Structures are given as C-alpha cells and as structure tokens.
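Colleague: I would like to learn how to read a helix and a loop residue in a model. Can we take them one at a time?

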Amino acid sequence: MKTRYVTTPIYYVNDVPHIGHAYTTIIADTMARYYRLKGHETFFLTGTDEHGQKIEEAAKSRGRKPQEYADEISGKFKALWDEFDISYDKFIRTTDDEHKKGVQKAFKTMFDKGDIYKGNYEGHYCVSCETFFTETQLMDGEGCPDCGKPTNLVKEESYFFKLSNYQEKLLKWYNDDEQCVLPKAKKNEVISFVKQGLRDLSITRTSFDWGVKLPKEMNDPKHVMYVWLDALLNYITALGYGTDDKNMDFWPATMQLVGKDILRFHAIYWPAFLMSLGLPLPKHIAAHGWWTRNGEKMSKSKGNVVNPKEVADAYGLENFRYFLLREVPFGQDGDFSQKALIDRINSDLGNEFGNLLNRIIGMSGKYSEGKVTSKDVKALHVKELNEVETILENIEDKLNLLQTNRYLEDLWKVLTIANAAITAHEPWTKMKNDDKDGALAVVGLVANIMARVTVLVSPVMPKTATKIATALGFEINKESYVKLIEKKELLSDFVIEKIPPLFPRIEEEVLETPEPTPKKEEKKKSKKKEESIITIDQFFETSLKIGTILEAEEVPKSDRLLKLKVDLGEEKTRQVIAGIKEYYAPAELINTQVCIVANLKPAKIMGMLSEGMLLAAKDKSGLSLMRPEKTKKSGTPVG
C-alpha cells in the first residue's frame, strides 16, 4: 500500500486563525481525503509553532507566561480545525516534549557531522519575522524588507548551520526534480535567490529563553535554538524522529503546503537540514498566494480581516471550502468578497450541481416511482459517456499538482454534459411517445454522471457528497472509487432518496462588510491635480533618456519587482528596480529600449538601490512601457 504524508505549516501563535490559515488547511485536508479515497495510507499533520522572541514578548505584554499564552492561541487553532472537521492525524505543538527531544537529536546529529559550528553573529534582526538581514537588504538602512518594521542590531554568540555547503546540492535538486517546488514561478524565485549565494545560518540565540535548549551533552545551557530550525523539524518529529520512529515510514512528505511568505525557509533551509540529516527530500513543497478582501489588503487597523468561522457559519462550511478552492489558481493571490461567494453558491452549486440532483429526483419520481436503472445507458448514450471520459481522463493530474480551480472547472464541465443531455434527449417527450426505456436511460445517464462527479468532489465537499451519494444509492469509499472512477462501471439499479435542496438560494449578503478606506487616496489625488500644472522650465528639470536593458531578473520574494541593468551611455550601467513583473518576463526585456527618468534621486527598494524610473502607461488593459519608435543610441535625451 502506498503511503502519503500531507502537512500544513505549523501556525505561529501570535494571533487567531484567519482566512489564509483556513485556505492552507482546507487544501491540505482536501489532498488527505483524496489520498484516502484512493486507498493510500495517509498521515495528515498540522499544528502550531510556539517558540521565539516574538511569543515571549507578546506573552509578557499581556502579563502572561509564554506557555500559558501559547496554550490559549494554540487551543483556538485546534478548536477551529475540529469545528471545520479537518481530518488531521496529528496536531503537533513545538512545546511537546517529543518534539523537543527530536529537535535536540537532529541538532546533535548535524553538529557531529560538522555542519554546525560555534561563532559570533552580528546582524539586523526583525522580531516580527524572526529573521536576520544584512545591511544591504534593509529598507532605508533600518526597516525589514519583508514587513517594513524597524530591525534591531544584534551581536551575540551563536551556533551556525553550514548552509553555504549545500548551495550546489540544492540547485541540483531543483534542476533534477521539476515538481519539487510548486508552482513553477515560485520555484524560479527560489532558484534565483540561491544563485545569489547562501550564507551560513545562525540557528541559536542567547538573548531570550523561550525555545528548545541545546542537547545536554553540548554543555551550553545559555543557548536556545532559533525558531526556524526548531519549527521546520516538526515535520519529522511528528512522525517519531528522535523518539520512537514509529511513523517514519511516511517520510518523505508527499505534499508540504506553505504560504508564499515562508517558501524560502521551506524550499532552502528545510531541504538543506534534511540533506545534513541524511533523510530524503519532500516530493512537493507548494506555496499558495495571499487573500485580500474586496480588493484591499487585510489588516486589523482596517477591520477587514476575514474570520473563517464567521463566513462558514453564515454561508455554510462546504460552500466556503468550494469557494476557496475554485475561486483562485493555486499560487496566485485571491480576493474574498461576499458577492463572489454568493455567486459561486447560487450559480455553480445551486443552479448546476444541486439542480441536477433535483432533476434526477423529479424525473425518476414521475417516470418510475423513484427507480433508477443503468440498463440501457451504455447502449444509448455512448457519445455522452465518451465526452465525460475525455474530460475525466487526466483530471486527477490537476489535483495532484494542486490546480484545484482547474480540477473543479473540469468537474463542472462534466455536469454541463449531463444537463445538456436532458435538454437534447427530452425524456418527457420520450414518455409521451411511449419510449419509457429511452426516458429511463436518460435519467440513468445523468445519475451516473452525477455519481462520478460526486465521488471526485468528495475531498472538497465531503458532507455534501455523502448526502448526494446516499440519495443515489451508494457509499463514498475506496470501493466506489474503484468501481466508478477506475473501472468506469455504472451504478447498480437503485431507488433514489428524496432529499431537501442542498444549496438554497442566497439573495443578499449576510455579513456586515467593512467600509473601504479611500479617503486618503482621494486626498492624494486632489493634491496631484493641484500640482499637475507646471512651467516649461520645471519640465526641463526632468532628464529623460533612452536606455537599453542589458540584464533583467526577478527579485526574490516579490510578486511585482524586476531588477534591471540599463545602459544610459554612461561609464557605468544603472540598476533600476521596476514593478513590471506582472506584465513582462525578464527574457523579453533584454536588449530592448525604454525611456528612463535619469536624474531621479536613487532610492532603496527591498534593500536594493534603484537609480532611475521607467516611463510606462497603464489602463484597464494592462501596462505598456514607453519605447522609442526606432532604435536610438543609449543615453539619447527625450524631449
């Protein structure tokens, strides 16, 4: 029997669960249910990350001990996942004794191998991100390039992991395994970061105490392990590494799900640690995007953070699950709005899925006292069955690569075939023409299509699928999966069970929508209008020049920035950081010409110097760079 191991990141206990946490966990739950449906022995892990300076400070600010504070927040995560019927096999906490023992064993193993050494660390530390940065990475010499908050200059004794020793091994792994990091665009960002050079990693701290102590045999009690070493090792300590090893047969992980903000740690540090420990690497590390609300970034100050429990209570958990997995391509950012959710419920679920079941119940009740037969389906409906099979032939490849939106889109294409068959074959007309067998064959066809979709949608909407399967006279399990999906057999004859409509229509938004915050933007716009009229002399103070792009590459950890080397006919090329990644691939920019604001004051963007600005125009159709009609010499003035 094949084993499958699915993990979520362990969630940091600095706040309560939000829609991003729910999204990751629901994807992981879907994959675990899918693997079990196929008969694979599956282990599904989630949990909480509870150590580090940020937790120690958060607890202190509330007059609490770190363990008490961690217990409270971790309990909220576990309670929500239980309420959401998340089918995890283990909920790990980094404060578990078994986890601490496993981490200590890993530390000693890597130390004995020569991959850990003692030294002194000096660097800029962001407490919020639990990350060190070099001075060149900082924003304006102080700010964290990830969250923007001020960093602290830290100088202390530290143990280091020889991350630099694993640079070439990591690059070889990325090159040899096409799907080791998903999606491909995120993998390319990781590769680009690693190629810039890896520095050895500080993995212990002495300035705080809330963490896993070093092994006793190290005889160095003032050190605690740095949060990322501690946290990442949970994926193997949960299986018994360092204690009983009882579930280590599940390693390597099949699917490790993370948010894009922590991909670097999982796709660089984590495999390097595993290489040092002599353990196999995960099959897939997959990074999803972030969620906004009504087009705005979510934040506590705006009061627009989406509470997943409130949404599930208002609109139904299974509807919420479907929306999250259908609405956005995996890896891209998604936007939550009640309007979009209601549209999915009324259109996709109500009109197309639920209504099809209602039609089967209605037709079978009218034509055959609820009896449904597959007797003549293959003889009379080869065309429709072949169309269904063409769509379903490779559909599970999409789910295996986490293309959940495309997976569900294809299932709904199958439902379209069923609805179209009713319209085309008009079973009511066949009944009038005394062709009862023909009418019942149409009902049987639609019931069988419905059954196959129900089996395949069950990992996404398990309770809804169970209700439909019961109505159609079968159970969702490995046996029905083999019969209906693998062997493509038809349903045995059954009497349909009448059930209430599954997706009642929703006419208006249920939750209160936070007010948008456009006031500051409006002030800025009005100010711009006042300043928009300038003199000719003011215009000529701006130096515009033609530049030739010599190099272009993506900026790691940024969804919109490209780093360009531009020839302006000067002794040195200029470096320009431009927010055009969404519209231009680096390769298509090389050796092309652009218009540059050449006398703009240099600025630091994500810790990188930008020495100019590209001219571009943007409207609803997208963004276009301003370019010369014919090739000009680099440095040619514009104006």
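Colleague: Which residues of helix 20 are buried?

Modeller: This is a predicted model. A residue is called buried when its relative accessible area is under 20%. In helix 20, residues 478-486, that holds for Ser 480, Tyr 481, Leu 484 and Ile 485.

Colleague: Where do the buried residues fall, seen down the axis of helix 20?

Modeller: They fall within an arc of 100°, so they line one face of the helix.

Colleague: What do the buried residues of helix 20 pack against?

Modeller: Their partners are helix 1 (19-37), helix 15 (395-400) and helix 18 (436-457).

Colleague: What is found at the start of helix 20, and what just after it?

Modeller: At the start, a side-chain oxygen of Asn 477 comes to within 3.1 Å of the backbone nitrogen of Glu 479. Just after the helix, Lys 488 has a positive phi of about 60°.

Colleague: Now the loop residue. Where is Ser 128 found?

Modeller: Ser 128 sits in the loop between strand 5 (116-126) and strand 6 (131-133).

Colleague: Why does Ser 128 count as partly exposed?

Modeller: Partly exposed covers values between the buried limit of 20% and the exposed limit of 50%. Ser 128 counts as partly exposed because its relative accessibility is 22%.

Colleague: Which residues does Ser 128 touch?

Modeller: Leaving out residues up to four places away in sequence, Ser 128 touches Lys 54, Cys 147 and Lys 149.

Colleague: How much of the chain is buried?

Modeller: Buried residues are 53% of the 639 residues in the chain.

Conventions: Residues are numbered from 1 along each chain as its sequence is written. This is a predicted model: local features need pLDDT of at least 70, side-chain atom pairs count only at pLDDT 80 or more; totals for chains, interfaces and linings use all residues. Side-chain values use heavy atoms; hydrogens and water are left out. Helices (H or I, at least four residues) and strands (E, at least two) are DSSP runs, numbered from the N terminus. Buried means under 20% relative accessible area, exposed over 50%, partly exposed in between (1.4 Å probe, protein chains only). Contact means heavy atoms within 4.5 Å. The arc is that of the directions from the helix axis to the C-beta atoms. A polar contact is a pair of N or O atoms within 3.5 Å; within protein, one must be able to donate a hydrogen and the other to accept it, and residues adjacent in sequence count only if both atoms are side-chain atoms.
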